Amino acid sequence: MLPTRPLGSTGFEITVVGLGAWAIGGSASQGGWGRQDDAESIAAIHRAVELGVNWIDTAPAYGFGHAEEVVGDALAALPEGDRPRVFTKCGLVWEEGETTVRNVLARESIRRECETSLRRLKVECLDLLQIHWPAHDGTPPEESWQTMAELVEEGKTRAIGVSNYDVELLERCEAIRHVDTYQPELNLITRDAEEPIAWCRSNGTGVIVYSPMRSGLLTATSAADRWSALPEDDWRRTHPDFQEPALSRNLAVVDELRTIAAELDTSLSELAVAWTLHWPGVTGAIVGARRPSQVDEWVGGASLELDDEVVDRIAGVLRETGAGSGPVRPPVANVR
């Protein structure tokens, strides 16, 4: 059995790791991961469920709706009692034939996205609907959040949350209706979410962090030749973390983490996931997988406990290499 934690005040008891479906979307959209086999994606979802993972996080923007369709097909193939909770998002939209997404959080757009997600996922009610990114279309956050609250009242979703918001935006939403969940990026390279996570901890908001392995950078196969050989349609090919000068600093962290992971008799991926779960206020980590074997590589991170000595060693590595940004260690011991 995987350990679980309550997701804020939602009433959901979620496993501390959930399956992320970003890469499952393939290469169709902006931010794609290259070509992906749908049968392998479904097998990865079923493997995660077999190992006890009880939630999946996806979004319409992943593959222009394709990731949601694949998740829907995977769920439909499972007995109803075995199906995990489904979390999705709204706010990134596109027109037919477009290759990029736009950030739109107007009332009617959110409602339209919700209905489309329900159809793709083959469900009557979402477990969690999240705003993907803050608005760029001029829509006041109060209007967007009020619309989300109405969707709860109408039975379209059981809970609502936001992703990538700062504290000011969280407070503006909270004044209208409680923010059930918050989703920031958090990993050993990107460590800038301390303030909003602390806000969530004080306000009873569940936190699910994304990219705990920094999109594959913090894995055993991470190496310079791998990143230089990425296909043209993989978003990581042009991201600064995967290019010099940051890449050398990041790979120096990977080398040191390999040693620590070996001493703990665990994988580098599991160590990276466990580090995010050690952060105070974090409920769970969203971990991606494109095939079943990748789930096996990180699922043990759910049960890996890190003591102060290990956390301090990792902090020393981050400090010495100068990799990434933000605090080099979680601010206090995790509250379970």
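**Note on charged pairs and overall form**

1. Start with helix α1, residues 38-50. Glu50 and Arg47 both belong to this helix, 3 residues apart, which is about one turn. The model is predicted. The two side chains form a salt bridge, with N to O at 3.0 Å. Glu50 is exposed, at 60% relative accessible area. Arg47 is partly exposed, at 22%.

2. Next, a pair from separate loops. Asp127 and Arg158 make a salt bridge, and their closest N and O atoms are 3.0 Å apart. This pair links distant parts of the chain, 31 residues apart. Asp127 sits in the loop between α3 (107-121) and β8 (128-131). Arg158 sits in the loop between α4 (141-153) and β9 (160-163).

3. How does cover compare within that pair? Asp127 is buried, because its relative accessible area is 9% and buried means under 20%. Arg158 has 44% relative accessibility, so it counts as partly exposed.

4. Helix α5 holds another pair. Arg172 and Glu168 both lie in this helix, 4 residues apart, about one turn. Their side chains meet in a salt bridge at 4.0 Å, N to O. Arg172 counts as partly exposed, with 32% relative accessibility. Elsewhere, salt bridges with shared partners join Arg107, Arg111, Glu150 and Glu154 into one network.

5. Side chains of opposite charge can pair when their charged atoms come close. How many salt bridges does a search of the whole structure find? The count is 18.

6. Look also at charge on the surface. Asp166, Glu171, Glu194 and Glu195 gather there in a patch of negative charge. One of them, Glu171, lies in helix α5, residues 167-174.

7. Now the chain as a whole. The secondary structure comes to 11 helices and 12 strands. Of the 336 residues, 57% count as buried. The C-alpha trace spans about 50 × 40 × 40 Å along its principal axes.

8. Does the radius of gyration agree or disagree with that of a compact globule? A compact globule of 336 residues would have a radius near 20 Å. The protein chain has 19 Å, so the two agree.

Conventions: Residues numbered from 1 in each chain as written. Predicted model: local features only at pLDDT ≥ 70, side-chain atom pairs only at ≥ 80, totals over all residues. Heavy atoms only, no water. Patch = residues over 30% accessible without salt bridge, like charges linked within 9 Å, V, L, I, M, F, W, Y side chains within 5 Å. Areas by Shrake-Rupley, 256 points an atom, 1.4 Å probe, with all protein chains shown as cover. Lys, Arg positive; Asp, Glu negative; His and termini not counted. Charge placed at Lys NZ, Arg CZ, Asp CG, Glu CD. Helix = DSSP H or I, 4+ residues; strand = E, 2+ residues; numbered from the N terminus. Rg over C-alpha atoms; globule rule 2.2 N^0.38 Å. Buried < 20%, exposed > 50% of the residue type's maximum accessible area, 1.4 Å probe, protein only.
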